[in-house]
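Have the structure open as you read.

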Amino acid sequence: MSKLSLENVTYRYSVGTPFCKTALDGVSVSFEENRVIGLIGHTGCGKSTLVQMLNGLLKPTEGRVFLDGKDIWENPKEISAVRYRVGLVFQYPEYQLFEETVRQDIAFGPTNMGLPQEEIDRRVEEAALFVGLEKETFDQSPFELSGGQKRRVAIAGVIAMGPEVLILDEPAAGLDPMGREEILGGVRSFQKEKKSTVIIVSHSMEDMASYADELVVMDHGKVARTGSCRDIFSDRDSLLGYGLDVPQITRFLIELNALGVPVRTDLFTVEDVRKELLRLYPSLAKGGKR
């Protein structure tokens with residue numbers, strides 16, 4: 001069932017000026033319940049504009065946005081309630097921290113929702129657990145933390161509001177592989193436990209292959225394709241045409257295959273490739289030589 005959808009949405013910046021630009025052009029797309037959806041596309045294709053449409057930060061120039069089948073702009077005075085239900089984490093969210101302690105920063109959203117203190121405390125601890133924050137950090141200033149920990153605090157602050165839809169714009173940008181896995185793994189755990197809808201904007205095809213159930217491909221303000229990771233990544237030529245590519249591990253397989261090694265080229269994660277190589281060369285599992 002569709003949780004969130006756009007119907008023929010167009011958005012133009014600077015309307016009525018010589019600088020008018022169409023960022024989204026007649027976009028219709030649905031995001032299903034209880035899924036992780038990856039939103040991919042080249043820089044400037046409209047991804048960030050689209051996600052700001054989804055929680056009402058931007059209003060369509062034309063078209064409609066639906067949450068649970070209801071137009072979110074039907075009553076503009078209620079748009080703030082939509083933003084509690086559809087949580088958006090911007091790229092580099094650590095720049096938006098402002099409270100004196102980690103605990104206060106995570107609690108900011110739930111507090112504004114008017115929740116009782118006991119419920120706020122529960123949500124703060126639960127959200128911190130999802131993103132891998134230790135309780136020892138709760139009374140520290142967020143500005144004393146590392147870049148990766150700041151990112152976790154910012155994401156936890158949105159998770160603590162209990163959104164039905166969680167949108168993250170490049171949540172792992174600039175992090176090392178371990179940091180990427182911890183944050184995206186925590187988001188995946190949140191999605192599985194809450195059965196929420198998660199939308200992740202990313203330039204990393206590796207992250208998409210590992211964490212997304214479905215992909216939406218954008219190109220020049222339009223939705224070019226939708227489908228499973230296998231559907232999308234199996235058509236490398238189309239991806240290249242959109243300014244994208246398959247995951248690096250898949251490129252490795254393609255090159256191996258071109259050299260005469262009979263490997264499958266439709267695998268997209270390191271674990272799947274490991275299994276494929278062990279299938280071809282069982283002796284590798286024992287540390288032997290071919």
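1. There is one cavity of 30 Å³ or more, where a cavity is a set of points on a 1 Å grid over the protein atoms alone at which a 1.4 Å probe fits but cannot get out. The largest cavity holds about 40 Å³ of space, a volume being the space filled by probe spheres set on the points. Its lining, meaning residues with an atom within 4 Å of a point, includes Glu-170, Arg-180, Ile-200 and Asp-207. Helix H6 (177–194), strand S8 (197–201) and helix H7 (205–211) each give two or more residues to that lining; helices (H or I, at least four residues) and strands (E, at least two) are DSSP runs.

2. Please bear in mind that this is a predicted model, in which local features need pLDDT of at least 70 and side-chain atom pairs count only at pLDDT 80 or more, while totals for chains, interfaces and linings use all residues. Numbering starts from 1 along each chain as its sequence is written, and side-chain values use heavy atoms, with hydrogens and water left out.

3. The largest pocket (an open set with protein on both sides within 12 Å along at least five of seven lines) has about 550 Å³ of space. Of its 23 lining residues, Leu-88, Gln-96, Phe-108, Val-158 and Met-161 lie nearest the centre.

4. The second largest pocket has a volume of about 400 Å³. Pro-177, Glu-206, Asp-207, Ser-210 and Val-270 lie nearest its centre, and H7 gives the most to this lining, with four residues.

5. Leu-168 touches residues including Val-89, Ile-155 and Ile-200, not counting residues up to four places away in sequence; touching means heavy atoms within 4.5 Å.
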